[in-house]
Amino acid sequence: MSDLITARGLTKTFPGVRALDGVDFSLRPGEVHALVGENGSGKSTLIKILMGVYRRDAGEIEIKGRPIHELTPEHAQALGLAAVYQDVTLARQLSVGENFFLGAMPRSRWGGIAWDEANKRSGAVLHDLGLDIDPRSRLQDLPVAKQEMVAIAKAVFENSDIIVFDEPTALLTDDETQLLFSIIRRLREAGKGIIYITHRLEELFSICDRVTVLKDGACVRTLPVGEIDQDGLMRLMVGRSMADMYTIRRLPPGEPVLEVQGLTREPRFRDVSFAVHRGEIFGMFGLVGSGRTDVLRAIYGADPIDSGQVRLNGAPVSFFHPRDAIEARIGFLAEDRKNQSIALSLSVRVNANLTSYPAISRLGVLDVAAERQNAADCIAQLRVKTPSDQQVIRNLSGGNQQKVVLGKSLISKAQILLCDEPTIGVDVGAKSEIYKIFEKLTAEGITILLVSSYLPEVMGLSDRILVLYEGNPMGIVARRDFDEEKLVRLASGVAA
Amino acid sequence: MPATRRKFTLETSATLGLIIVLLFAFLWATTSAFMTWENLVNLLRQTSINGVIALGMLLVIISAGIDLSVGAVVAIAGIVNALLLKAGVPLIVTVPVSLLVGAAVGLLNGVLIYDFGITPFIASLGTMTMVRGLVMILSGARMIASLPAGFAHLSMSTALGIPTMFLIWMALFAVTATLLRYTQLGRNMFIIGSSVEVARLSGIRLRRNTYAIYSLCSLFAAIGGLLLSSRLSMGVPTAGIGYELDAIAAVVIGGGSLMGAAGSALGAVLGAIIMQTIHNGGTLLGIDPFALQIIIGALILVSVGIDQVRVRRRSTT
């Protein structure tokens, strides 16, 4: 059988950047083809060209053996291409069934909408995929994981035979990931071609057949996954191996700086107690919904608590507003960077100073020289890649945005950093830079609370890990007792 | 590479400036009445009123809000002032009192929006309707004429040949530009306009900032109301109808976005000038006022459309 996609010499230039430089790519029927590379390596540009979103400057594309000249999104869809993006792009207010038929609901004889038929047909597809989802439920009432499954089912329903998955497991738990993989395997057996983009290299080995590595807009290599291991892939991507990533220099932690006693916020979490020491990285691990984020938000004063006490350097404190926490030198990196940590439409300069404005204002008047200096320090110290501090932060890569987020807490002189998934949506290179920054900060006596659902990360970085399950503390594990299986069992509510 | 914010603002302002120059040149060439001292001073005075209101609206729009009650505030400031003047209260008291009454409407907007979580559009629609009713009750739905000459003098007076009203507008322009560029409150407006959640997690106290933003907007509208009342030399209960839309249009033409976190004082000033010049020029040219409405509506759509195209171009490259 001929290839589903054959692309040769794809090139795309944006003003000042060659995003794609003569890339070859092919997709066979019945294969899962991984696309990996750091952010900015050209993965999304390649996908957007294939999906008809961008026009290529040069190169040839054949889809199912037919040469394609002009490709529009409608055209791509008609050719059987579909994409499932990490932030689901369906109509969240509509029912699952309606989302299948968007704009083309089946009609009854009288011209009304044939709801029964719509629900039956969409229900059948969901059922076939082994999904327990009622087509009548409203999409936004479903958990994110199920929404994503709906998006996949929709692609199947539309009879797409080339399906792009963009970081599909970013928001999924392990069980959900397994379900996703079983669906992908089923699609593969049905002869569909699947393009799989991921930052999580380890999952690539359990699901993909071939892998194409992109770097700086060029294709490094395409090879079967059996011919390479994770370390090898990493080297192809960044020229650096996995073992270097988590080598944080450990120091004996100092005196306790943050003590939490019986912290409770029903129904999110209850009776959480721990003490974190100066210079320590204290991990918090748990599945989505385990209350990890809620504990951080409560400490930061972003959410009220029902009971419990927080002590800072031995003295009891109560924060009613994030401002109180910032003044007590606590910084917060939210999980949802784009909606909580950075002002997307504003400049790097403003974002670097987000939590520092009261400190550089007198009677409400800003010291603009200090503002500029703060931004310059942030860019220089954290090596933020930006043409200038006037650049709108939206245009920076995820890793550079996250560096600015870290920088703003450092500029407001935070001594304790509450980090919620600090490397989500960040490429491998920036990840390792962020780890290096953590290392430097802890050496300077800054304390880090690290929430991560990514086990290698939380195990690689933390001195101790508190495991949460449905809001209940399941125990604190010290570094010498770290064990993947043990942590996963605790996080699933099974006492170790 | 995408343009930086400052460069973007400059581009917008330069384009607007060019449009104004072209408009003036066109009207100079096609009418004999336009480029007369008398007409230009008249134009300046009317633009000053709308321009002041637009500056207040700008603050609200930058913080991703909207205030439909500014027109009603124009009316209530004028009426309260006129009633007090008729009761023999001296100007030095009536002016601050009417400004405070106006600002109180903004404070109420702020309370409705922050404390009751009502969206700005609905909150200010409610207060607009209430204030309009209140104005009618206070004034008995009648104009309050024959105000003391001292009050009318304000709008007639000039300093060094420049209308005082225009100087007031320019002073407020300077205040607004400074506020936006050099104060914590100004930064807060942009941050809130970008995302309320980001603002809160950054330690910005939303309650006081929301109150301040809407109170300032209403204060500016009340100033506009007093200028209008002085110009008409009476308190008019129906004054300011539709001014909220003119103000929004001026801000939007000047590069503001209802999505928040965009806009500049210079842009709002230029936007107001364009709006009023078209009004004025259209009248001089004898264009059917209804046709003029079509032109102004189209202008709003074109300027926002161009902006959208630019934004899209920036985000896809």
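This is a predicted model: local features need pLDDT of at least 70, side-chain atom pairs count only at pLDDT 80 or more; totals for chains, interfaces and linings use all residues.
Local features need a pLDDT of at least 70 and side-chain atom pairs count only at pLDDT 80 or more, whereas totals for chains, interfaces and linings use all residues. Residues are numbered from 1 along each chain as its sequence is written, and chains are lettered from A and ligands numbered from 1 in the order in which they are written.

Chain A contains 17 helices and 22 strands; helices (H or I, at least four residues) and strands (E, at least two) are DSSP runs, numbered from the N terminus. Its radius of gyration, taken over C-alpha atoms, is 24 Å, close to the 23 Å that the globule rule gives for 496 residues, so chain A is as compact as a globular protein of that length. The globule rule is 2.2 Å times the number of residues to the power 0.38. The C-alpha trace of chain A spans about 70 × 50 × 50 Å along its principal axes. Of the 496 residues of chain A, 45% are buried. A residue counts as buried if 20 or more other C-beta atoms lie within 10 Å of its own, as exposed if 12 or fewer do, and as partly exposed in between, with C-beta atoms placed from the backbone. Two residues are in contact if their C-beta atoms, placed in that way, lie within 7 Å. Among the contacts in chain A with a separation of 6 or more, 67% are between residues 24 or more positions apart.

Chain B has 13 helices and 2 strands. For its 317 residues a compact globule would have a radius of gyration near 20 Å, and the 19 Å of chain B agrees with this. The C-alpha trace of chain B spans about 60 × 55 × 35 Å along its principal axes. Buried residues account for 48% of chain B. Of the contacts in chain B with a separation of 6 or more, 78% join residues 24 or more positions apart.

The contact between the chains takes 35 residues from chain A and 24 residues from chain B. On the side of chain A that touches chain B, α10 (322-327), α11 (337-341) and β18 (365-366) each supply at least two residues. This side divides into 20 nonpolar, 14 polar and 1 charged residues. Here Ala, Val, Leu, Ile, Met, Phe, Trp, Tyr, Cys and Pro count as nonpolar, Asp, Glu, Lys and Arg as charged, and the others, Gly among them, as polar.

A nonpolar core is a set of buried Ala, Val, Leu, Ile, Met, Phe, Trp, Tyr and Cys residues joined through C-beta atoms within 7 Å. The largest core has 161 residues, of which A:Leu418, A:Val467, B:Ile53 and B:Met57 touch the most other members. Helix α10 (residues 206-232) of chain B gives the largest share of this core, 13 residues. A second, separate core has 59 residues, including A:Tyr54 and A:Ile184.

Helix α10 of chain B packs against two other helices of that chain. Axes are lines fitted to C-alpha atoms, for helices over the stretch in contact, and angles run from 0 to 180 degrees between N-to-C directions. Angles under 35 degrees count as roughly parallel, over 145 as roughly antiparallel, 65 to 115 as roughly perpendicular and the rest as oblique. Helix α2 (residues 37-62) of chain B meets α10(B) at about 170°, with the axes 7 Å apart; the two are therefore roughly antiparallel. The residues of this contact comprise 17 nonpolar, 3 polar and 2 charged. The axes of helix α8 (residues 184-194) of chain B and α10(B) come within 11 Å and cross at roughly 100°, so these helices are roughly perpendicular. On the α8(B) side the contact involves B:Leu185, B:Asn188, B:Met189 and B:Ile192, and on the α10(B) side B:Asn209, B:Ala212 and B:Ile213.

Some backbone features lie in loops. A cis peptide bond, with omega about 0°, joins A:Glu266 and A:Pro267; A:Pro267 is in the loop between β11 (256-265) and β12 (269-277) of chain A. A:Glu470 is not a glycine but has a positive phi of about 45°. A:Glu470 is partly exposed, with 16 C-beta neighbours inside 10 Å. B:Ala261 has a positive phi near 65° and is buried, with 24 such neighbours inside 10 Å.
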